[in-house]
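My notebook is open, and I am going through side-chain contacts one by one. Here is the model I looked at.

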Amino acid sequence: MVKLKVFIISLAVMLAILSALGAYHMYAMERAIARSIYADMLDDMQDIGYLDPALADYYSQEMAELGWDVSGDVFAGSGPRAENQRARKERQEAVTLAITVTPSKVAQWLNRFVEGQVAFTFIGSRPSEYFDPGW
């Protein structure tokens, strides 16, 4: 009887450890995907000098397909956001990208533990690489 209790406790501990490892790997994967989306978008913004609405829509759709909440303006704080406001290299202007997205429930819980908030947030600026053809 004692051996059975020890076996059940050992099994429960192993199950808890494996579950925690699986949850952490899921969190790390989701965060890496969000970070790669941010890096790709910032590279594109740097090349064209602004956040193209078609680019924002494409990545919003990609994030929604992952099951993330993208119901609000996930790019609030990003700029410039219009073609006629492009950041230009000859003026030494920069582009800024801010992404805030709410991941899956497990990733939200772990992100709250690690970062102190439920959403993944990435913010950064880079100098524009866009030259005005008429310059």
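**Entry 1: the ring cluster.** I began with the aromatic side chains and found Tyr24, Tyr27, Trp68 and Phe120 linked by ring pairs into a cluster. For pairing, I took rings of Phe, Tyr and Trp (its six-membered ring) with centres within 6.5 Å; planes under 30 degrees apart are stacked, over 60 edge-to-face, and the rest tilted. The model is predicted, so I kept local features at pLDDT of at least 70 and side-chain atom pairs at pLDDT 80 or more, while totals for chains, interfaces and linings use all residues. I number residues from 1 along each chain as its sequence is written, and side-chain values use heavy atoms, with hydrogens and water left out.

**Entry 2: the aromatic pairs.** How many aromatic pairs does a search of the whole structure find? I got five. One of them joins Tyr38 and Phe122, which are stacked at 5.6 Å centre to centre with 25° between the planes. Tyr38 belongs to helix H1 (residues 2-48) and Phe122 to strand S2 (residues 120-127), so this pair ties together parts 84 residues apart in sequence. My helices (H or I, at least four residues) and strands (E, at least two) are DSSP runs, numbered from the N terminus.

Tyr38 is buried at 6%, and Phe122 is buried at 8%.

Next I looked at Trp68 and Phe120, whose ring centres are 6.3 Å apart with planes at 85°, so I logged the pair as edge-to-face. Trp68 sits in the loop between helix H2 (53-65) and strand S1 (94-101), and Phe120 in strand S2, so parts 52 residues apart in sequence are tied together. I noted both Trp68 and Phe120 as buried.

**Entry 3: a charge over a ring.** I found the charged end of Arg86 over the ring of Tyr130, 4.2 Å from its centre. My test was NZ of Lys or CZ of Arg within 6 Å of the ring centre and within 35 degrees of the ring normal.

**Entry 4: salt bridges.** I counted seven in the structure, taking a side-chain nitrogen of Lys or Arg within 4 Å of a carboxyl oxygen of Asp or Glu. Among them, Asp43 and Arg126 meet at 2.2 Å, N to O. Asp43 lies in helix H1 and Arg126 in strand S2, so that bridge ties together parts 83 residues apart in sequence. Asp43 is partly exposed at 32%, and Arg126 is partly exposed at 27%.

Lys89 and Glu129 form another salt bridge, with the closest N and O atoms 3.0 Å apart. Lys89 is in the loop between H2 and S1, Glu129 is in the segment after S2, and 40 residues separate them. I have Lys89 as partly exposed at 33%, and Glu129 as partly exposed at 37%.

Entry 5: Which backbone oxygen lies 2.9 Å from a polar atom of the Asn111 side chain? I traced it to Ala119. Asn111 is in helix H3 (residues 105-115) and counts as buried, with 0% relative accessibility.

Terms used: Buried means under 20% relative accessible area, exposed over 50%, partly exposed in between (1.4 Å probe, protein chains only). A polar contact is a pair of N or O atoms within 3.5 Å; within protein, one must be able to donate a hydrogen and the other to accept it, and residues adjacent in sequence count only if both atoms are side-chain atoms.
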